[in-house]
Amino acid sequence: MKKIYFDYAATTPCDPQVLAAMEPYFFNKFGNASSLHIYGQEAKGAIEESREKLAAFIGAKPEEIVFTSGGTESDNYAILGSAHALEKKGNHIITSVIEHHAVSEPLKFLAKQGFSVTYLPVNKFGLVAVDDLKKAITPKTILVSIMHANNEIGTLQPIAELGKVVKEKGICFHSDAVQTLGHLPLKVDELQVDLLSLSAHKFYGPKGVGALYIRRGTRLETFLRGGDQEKGRRASTLNTTGIVGLGAAIALCEKNMAKEIKFQTALRDKLIKEIPLVIPEVVLNGHATLRLPNNVNFSIKYIEGESMLLSLDMLGIACSTGSACTSSSLEPSHVLLAIGLNHETAHGSLRITLGRWTKESEIDYLLEKLPLVVGKLRAMSPLYEKK
Ligand SMILES: *Cc1c(COP(=O)(O)O)cnc(C)c1O
């Protein structure tokens, strides 16, 4: 059966070249990077090479990079670490209503400990307003955390402008760039961020490894305590294979990025243009141009996202939806509600995310099958009938 992957925002395959770079570090070069002998030094050398590659890619210094277990740990470290390091200065934190749970859950946890959190709204495109940020800042504000690109609707925030406001006040600025890194050029000085989270499995590296950029001089309470790895900033034996994979993945992104942006943007815009031509009553979620090159998100009215996903899955097409009718909740995505969709429209959302191996023929297959799936589901939908 055909198998087409349109869920690159959830995770990407590990590029075979990344896999090849990692392979020697599982057996031949398996040393612990903290060991003084040749085995340890080989591992350490490879790790430092990855650190330099990543630092150069984001315009940082190698000593400003700490390797972590992924995006979630980087976000938790940034938020809990800075809140606790700065709590004598103040207890107020500003974020947005559309953050990933890896940011919003640690903030909820801090709120229970007496921190006060302001959630900035977004407009219908999912954009935070610079003026709203200005108004929200108080003398007690110690941290601002706003994501670079949204994982559901692909909206790119004006991080450089927001960063300017935050830094004029001398406040710590964190951004979750997990969706952006490797997909768009990004330099920490242009964005004026102090902390930046990233994760290798979102840019063709392995799962379970990521990094936190920590600008020199940023106060951060240590998150994982134990050995003195990463200059005491993150204990635990370094994940040599993962870190080598992360470095190799960065090198490939650097090499391919211009070409990939062009190709994916063209396919994205083809879907954005043609889906409304073949399916009536759809709404594009997110912004037409201020969005990730690989993200398409539509609400398809009168049907339920999960039924659509399952029908597409039976045709070998893997997409995603923001209608989480999972056991735990019947609430549609907080992002779709935040951009002003009603519950019904939010429930019918379809996220199509493209990547390195997406082919134009796959886009055409989707454009052929999706109207059939939607037609069938609408024919059964009491909502559609009532119209
Ligand atoms: C995937 C993702 C994360 C979590 O990263 P993991 O490496 O899977 O822990 C955090 N933030 C955003 C925006 C993401 O897309």
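Start by selecting strand 12, residues 349–353. Both of its faces are covered. S349, R351 and T353 are buried on one side, and L350 and I352 are buried on the other. Buried here means under 20% relative accessible area, exposed means over 50%, and partly exposed lies in between (1.4 Å probe, protein chains only). In a regular strand the side chains alternate between the two faces of the sheet. Five of the five residues of strand 12 are buried, so the strand is largely enclosed by the rest of the structure.

A note before moving on. This is a predicted model, in which local features need pLDDT of at least 70 and side-chain atom pairs count only at pLDDT 80 or more, while totals for chains, interfaces and linings use all residues. Residues are numbered from 1 along each chain as its sequence is written, and side-chain values use heavy atoms, with hydrogens and water left out. Helices (H or I, at least four residues) and strands (E, at least two) are DSSP runs, numbered from the N terminus.

Pick N295: its bridge partner in strand 12 is T353.

Three bridges join strand 9 to strand 10, and the two run antiparallel. Click V283 and look across to S299 in strand 10, which stands opposite.

Which order do the three strands take? The open sheet runs 9-10-12, with antiparallel pairing. The twist averages 25 degrees from one strand to the next. Axes are lines fitted to C-alpha atoms, for helices over the stretch in contact, and angles run from 0 to 180 degrees between N-to-C directions.

Show helix 9, residues 305–314. Helix 9 packs on this sheet and touches strand 10 and strand 12. Its direction makes about 45 degrees with that of strand 12. Contact means heavy atoms within 4.5 Å.

**Helix 8 and helix 12**

Select residues 240–278 for helix 8 and 360–380 for helix 12. Their axes come within 10 Å and cross at roughly 20 degrees. Helix 8 and helix 12 are therefore roughly parallel to each other. Angles under 35 degrees count as roughly parallel, over 145 as roughly antiparallel, 65 to 115 as roughly perpendicular and the rest as oblique. The crossing is right-handed. A crossing is right-handed if the near helix is turned clockwise from the far one by less than a right angle, and left-handed if anticlockwise.

Show side chains at the contact. Helix 8 brings L267, K270, L271, E274, I275 and V278. Helix 12 brings E360, I363, D364, L366, L367, L370 and P371. These contact residues divide into nine nonpolar, no polar and four charged. Ala, Val, Leu, Ile, Met, Phe, Trp, Tyr, Cys and Pro count as nonpolar, Asp, Glu, Lys and Arg as charged, and the others, Gly among them, as polar.

**Helix 3 and helix 4**

Move to residues 71–86 and 101–112. The axes of helix 3 and helix 4 come within 8 Å and cross at roughly 30 degrees. Helix 3 and helix 4 are therefore roughly parallel. Helix 3 passes helix 4 in a right-handed crossing. From helix 3, T72, D75, N76, I79, L80, A83 and H84 meet A102, V103, P106, L107, F109 and L110 of helix 4. This contact has nine nonpolar, three polar and one charged residue.

Colour the strands in the order 2-8-7-6-5-3-4: they form an open sheet with mixed pairing. Strand 2 (65–68) and strand 4 (116–120) are the edges, each with a single partner strand, so one side of each lacks a neighbour in the sheet. Neighbouring strands are turned by 20 degrees against each other on average, direction ignored.

Zoom in on strand 5 (141–145) and strand 6 (172–176), which pair in the parallel sense over three bridges. S145 has H174 in strand 6 as its bridge partner. Helix 6, residues 159–168, packs on the sheet and touches both strand 5 and strand 6. Its direction makes about 160 degrees with that of strand 6.

**Two backbone stops**

Most residues other than glycine have a negative phi. Select Q192, in the loop between helix 7 (188–191) and strand 7 (195–199). Q192 is not a glycine, yet has a positive phi of about 60 degrees. Is Q192 buried or partly exposed? At 28% relative accessibility, Q192 counts as partly exposed.

End at Y204, in the loop between strand 7 and strand 8 (210–214). Y204 has a positive phi of about 75 degrees. Y204 is buried, with a relative accessible area of 1%.

Definitions and conventions: Pairing = 2+ DSSP bridges.
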